[in-house]
Amino acid sequence: MSRLDRTRTSAHQLRPFFSSQNLLNRADGSAQFDFGESSVMCSVVGPAEVKLRDEKLDKATIEVVVRPLVGLPGIKDKAREQAIRETLEPLILSGLHPRTGIQIVIQTMKDDGSILATAFNATILALLDAGIPLKSILGAVTCIVDAETNQILLDPTTQELANAKSTHTFVFDNKSSITSDSKQEDKEAVEVATLYSDSTGLFSEEEYFECAQICYKAVQAVHGFIRTAVQKKLEKEQQQIHS
Amino acid sequence: MASITTEEESKLLIVLPGDQLPESGLMEDSSAAHRLTLGPGLAPMDDDSITAVKAGILKHNAVGNRWWVESNQRRYVAAQGESIIGVVTGKSAEHYKVDIGASQPALLGVLAFEGATKRNKPNHNIGDLLYCRVSMANKDMEAELECMNPTTGKADGFGELKGGFVIKISLGLARRLLDPKNLVLRLLGQHIPFEMAVGTNGKVWVNSANAQHTILICNAIRNSEYLNSAECSAMVKSLVEKM
């Protein structure tokens, strides 16, 4: 089959990844992540000083600011801020930096669908770049159930999202394991460790778990890509010692 | 689950947060009475595993069965015993407030200098550069500094840095500059006489005969971060030729 964006041939194919790290010289960590033509940049400052009223005695205060592609931030951006902050709060080892603040700013650079997933991936790369201690990394991917064909399409573009009956974004960490036993599909889907799940539209329970399953497999590719990106950066840093 | 095999120790073993150390590999030095020392970047988790919490290179020292992750970041987190460069931002009767690039300013006792007494103590102004040693640091309190070697009571190079210029670099590059075999410094020293102080908080102070040389040295240091030996030599050569 041919997807609407014409570069992909399969329903379960992701768009090409692109990432860049350490781009902003005034931030402690920064990264850009692209899913095809969707691009999000993230900057991290911290652990830094925080206002007394926002100070937590035993943890770092995590603040997330989401800026849209055009215009002033609105309700949708506030909702994304909450989603990202609540997913990151258990992941960041904030107990190591009490009474400090970690500020994460996310800016959409190009929007062609799946922006929340792109934002999550850019954020984790920026956090790794900033050296913030984390329990694990995360990976995010969006999928839709097409209104006409009822097919599950991975990593939809804006055009594909317009035809969606339901849209699902999943975020998984890299500590969970999965058995490749296809006979136990339902059991696998329930045991998968999900950090964040956001679904809109009309869908059945079966569809939801099938989407979770498909997204989980795709997120492994995102994890692999993050690993490769960080590896390349570290190898470049160590060149003079190990060459 | 991403697990690390110890067979690959000879080449760079890159770990990401969430990667767990294999239990069998850690206890190879059974003569050390099953004791394990964890350095930066590794933390024990609730499920009794030892997990990397930062992205970096896994390192191991057989002496004391020490494991740590060598990572890079730009934000400094104070650690005891480190030598750092700070800027005086405030003065009180008992302490100087010194900005060391951490989340909070550090405190330097007014008498923490060589041979200082209440009647005879150095007088530093706001904006002065000081090369100090971190005498106490923990995550809950402001760090404390001193401008002398604690065992001998002598200055040993600590104290005010007059003139010169300070640049901000990443912590990893600062650590590499402390290596006596560092390439860019050796190459620069062949062409320009200069003096330098490296703070492990990512600040480097450079002083030479004139401003042009100082700027050249600072640029060469900044540029050298992601270059290999050949590229580094070429870079220094081209900068020196333009002089």
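This is a predicted model: local features need pLDDT of at least 70, side-chain atom pairs count only at pLDDT 80 or more; totals for chains, interfaces and linings use all residues.
The interface between the two chains was examined at the level of whole residues and of area. Chain A contributes 46 residues to the contact, and chain B contributes 38 residues. About 3,600 Å² is buried between chain B and chain A, and carbon and sulfur atoms account for 53% of this area. On the chain B side, the residues that lose the most area to chain A are Arg74(B), Arg75(B) and Tyr226(B), which together make up 19% of what that side buries.

Polar interactions also cross this interface. Between chain B and chain A, 17 residue pairs are in polar contact, counting pairs in which both residues have pLDDT 80 or more. Strand S4 (50–52), strand S5 (56–61) and helix H5 (229–241) of chain B each supply at least two residues of the side that touches chain A. The element that gives the most to this side is S5(B), with three residues. By class, the side of chain B that touches chain A consists of 18 nonpolar, eleven polar and nine charged residues.

Two salt bridges are counted between chain B and chain A. In one of them, Arg75(B) pairs with Asp28(A), with the closest N and O atoms 2.8 Å apart. In another, the side chains of Asp19(B) and Arg227(A) meet at 2.8 Å, N to O. This pair runs from the loop between strand S1 (14–15) and helix H1 (23–26) of chain B, where Asp19(B) is placed, to helix H5 (residues 205–237) of chain A, which holds Arg227(A). Asp19(B) has a relative accessible area of 2% and is therefore buried, whereas Arg227(A), at 24%, is partly exposed.

Part of chain B carries a record annotation. An unreviewed UniProt entry assigns residues 36–75 of chain B to "domain: Exosome complex exonuclease Rrp40 N-terminal".

Over all chains, the structure holds 14 salt bridges. One of these joins the side chains of Arg8(A) and Glu160(A), with an N to O distance of 3.5 Å. Arg8(A) is in the segment before strand S1 (17–21) of chain A and Glu160(A) is in helix H3 (residues 158–162) of chain A, so the pair links distant parts of the chain, 152 residues apart. Both partners are buried: Arg8(A) has 1% relative accessibility, and Glu160(A) has 2%. A network of salt bridges links Arg3(A), Arg8(A) and Glu160(A). Within chain B, Lys162(B) forms a salt bridge with Glu160(B), the closest N and O atoms being 4.0 Å apart. Lys162(B) is exposed, at 61% relative accessibility, while Glu160(B) is partly exposed, at 32%.

Gln13(A) lies in the segment before S1 of chain A and is partly exposed, with a relative accessible area of 28%. A polar atom of the Gln13(A) side chain lies 3.0 Å from the backbone nitrogen of Thr9(A). Although Gln13(A) and Leu153(A) are 140 residues apart in sequence, their C-alpha atoms are 8.1 Å apart in space.

Several backbone features of chain A were also noted. Most residues other than glycine have a negative phi, and most peptide bonds are trans. Asp155(A) is placed in the loop between strand S7 (152–154) and H3 of chain A, and is buried at a relative accessible area of 1%. A positive phi, near 60°, also occurs at Asn22(A). The location of Asn22(A) is the loop between S1 and strand S2 (29–35) of chain A, and at 26% relative accessibility Asn22(A) is partly exposed. The peptide bond between Gly46(A) and Pro47(A) is cis, with omega about -5°. Pro47(A) belongs to strand S3 (residues 38–48) of chain A.

Key:
Residues are numbered from 1 along each chain as its sequence is written. Chains are lettered from A and ligands numbered from 1 in the order in which they are written. Side-chain values use heavy atoms; hydrogens and water are left out. Contact means heavy atoms within 4.5 Å. Buried area is the accessible area (1.4 Å probe) that two parts lose on being put together, summed over both. A polar contact is a pair of N or O atoms within 3.5 Å; within protein, one must be able to donate a hydrogen and the other to accept it, and residues adjacent in sequence count only if both atoms are side-chain atoms. Helices (H or I, at least four residues) and strands (E, at least two) are DSSP runs, numbered from the N terminus. Ala, Val, Leu, Ile, Met, Phe, Trp, Tyr, Cys and Pro count as nonpolar, Asp, Glu, Lys and Arg as charged, and the others, Gly among them, as polar. UniProt positions are given in the numbering used here, feature names are shortened, and annotations may be inferred rather than shown by experiment. Buried means under 20% relative accessible area, exposed over 50%, partly exposed in between (1.4 Å probe, protein chains only).
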